[in-house]
Amino acid sequence: MKRNAIARIIIWSVTAFILIGILSSAIIFKNNWLSQLTNKGISFGTMGSKYLDSEKYTVGGGSVIDDVDSLEINWVDGKINVEAYDGDTVEISETSVKDSDDELRYYCNNGKLIIQYRVSGVSFGVTKSLKKELTVKIPASAAAGLNELKIDSASADISVSDMSFTKQLELDNVSGSIRLSNVKAAKTGIDNVSGRIKAEYFVTDSLSVDTISGDAEFKGEIGKIESDSVSGELKVESAIMPISADCESVSGNISFKLPDEGITLEFDSVSGDISGNVGFVKKGEKRFYRNGGAEFEIETTSGDFNIEI
């Protein structure tokens, strides 16, 4: 009896070991297979979105002669370029695609120009990434005073240059990079998971930026700063002293380079340190430079805070 029991245990153990090996091999093969398909632009799941008034949209790129004061772009992947130019009409173009369903759509209503990635509707199953490059050229006269720009994208690289927004600039992306050059906005909101953010000659009254692992760098004039990051690094170089800064990070470092003016700082960290050339005087839970001034709240777990004047 004992020999039979031992034999059964051995047989089942060997069988289980073989099955685990087969399952592991299948998973590895599947992941490699999916990875190869993804690298070729093929994926499994859904693609596209359904939007209202789809019948009113123009198919493919073109010129918009109507006055445009706001711009909304809903894109998936590839690249998005929004720039000013010396012209009279808004010009919309994209890299060529074979299927008309995959061509962009645009619609202008009461001054708001909306651009969609492709035909309205959702595709299920095996889809091929189009990686299209969108270029929107705005007449310089209009680009100097648009109300707002909103871009919602999954993995596109976004570039905005030589533009001014009286209300807001809102960018929502997942893995693509974001680059701003000579951009001015009353209010700026950026949400980017892993792509890098870089802004030069950038002016805004209020900046809100959320990242997971993507680094963010801003140079210009920034009136107010709010940020939230896990491991991404935040760098801010401002020619004016921000009124306030409320920044949180887990392991990413936070660095400021600012004018020589008064600062009131609350710094809370588990293992992060403060560095730089600012001689703070600590009183209770707060630190003061030049008897205080701009209100800064910096909270990290292990990230450091560096401030230079």
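These legends describe close-up views of one predicted protein model.

In this predicted model, local features need pLDDT of at least 70, side-chain atom pairs count only at pLDDT 80 or more, and totals for chains, interfaces and linings use all residues. Residues are numbered from 1 along each chain as its sequence is written, and side-chain values use heavy atoms, with hydrogens and water left out.

View 1. Helices (H or I, at least four residues) and strands (E, at least two) are DSSP runs, numbered from the N terminus. The protein has 309 residues, and 39% of them are buried. Buried means under 20% relative accessible area, exposed means over 50%, and partly exposed lies in between (1.4 Å probe, protein chains only). The accessible surface comes to about 16,700 Å². Carbon and sulfur atoms own 50% of that surface. These areas come from the Shrake-Rupley method with a 1.4 Å probe; for residues, only the protein chains shown count as cover.

**View 2. F218 and F256 sit in the largest nonpolar core.** A nonpolar core is a set of buried Ala, Val, Leu, Ile, Met, Phe, Trp, Tyr and Cys residues joined through side-chain atoms within 4.5 Å. This core has 62 residues, and F218 and F256 touch the most other members. Strand β12 gives the largest share, seven residues. In soluble globular proteins, nonpolar side chains tend to be buried together.

**View 3. Strand β24 shows a covered and an uncovered face.** This strand spans residues 294–300. A294, F296, I298 and T300 form the covered face. E295, E297 and E299 form the uncovered one. In a regular strand the side chains alternate between the two faces of the sheet.

**View 4. Strand β24 pairs with β18 and with β20.** Two strands pair if DSSP finds at least two bridges between them. Strand β18 (residues 244–249) runs parallel to β24, over six bridges. Here A245 has F296 as its bridge partner. Strand β20 (residues 263–269) is also parallel to β24, over seven bridges. Here E266 is partnered by E297.

**View 5. K132 and E94 form a salt bridge.** A salt bridge is a side-chain nitrogen of Lys or Arg within 4 Å of a carboxyl oxygen of Asp or Glu. The structure holds seven of them. In this one, the closest N and O atoms are 2.8 Å apart. K132 lies in the loop between β9 (123–128) and β10 (133–139), and E94 lies in strand β6 (residues 90–94), so the pair ties together parts that are 38 residues apart in sequence. Both K132 and E94 are buried.

**View 6. E200 and R179 form another salt bridge.** Their closest N and O atoms are 3.1 Å apart. E200 is in strand β14 (residues 197–211) and R179 in strand β13, 21 residues apart. R179 is partly exposed, at 39% relative accessible area.

**View 7. R196, E217 and K219 are linked in a salt-bridge network.** Between K219 and E217, the closest N and O atoms are 3.8 Å apart. K219 is partly exposed, with a relative accessible area of 32%. E217 is buried, at 17%.
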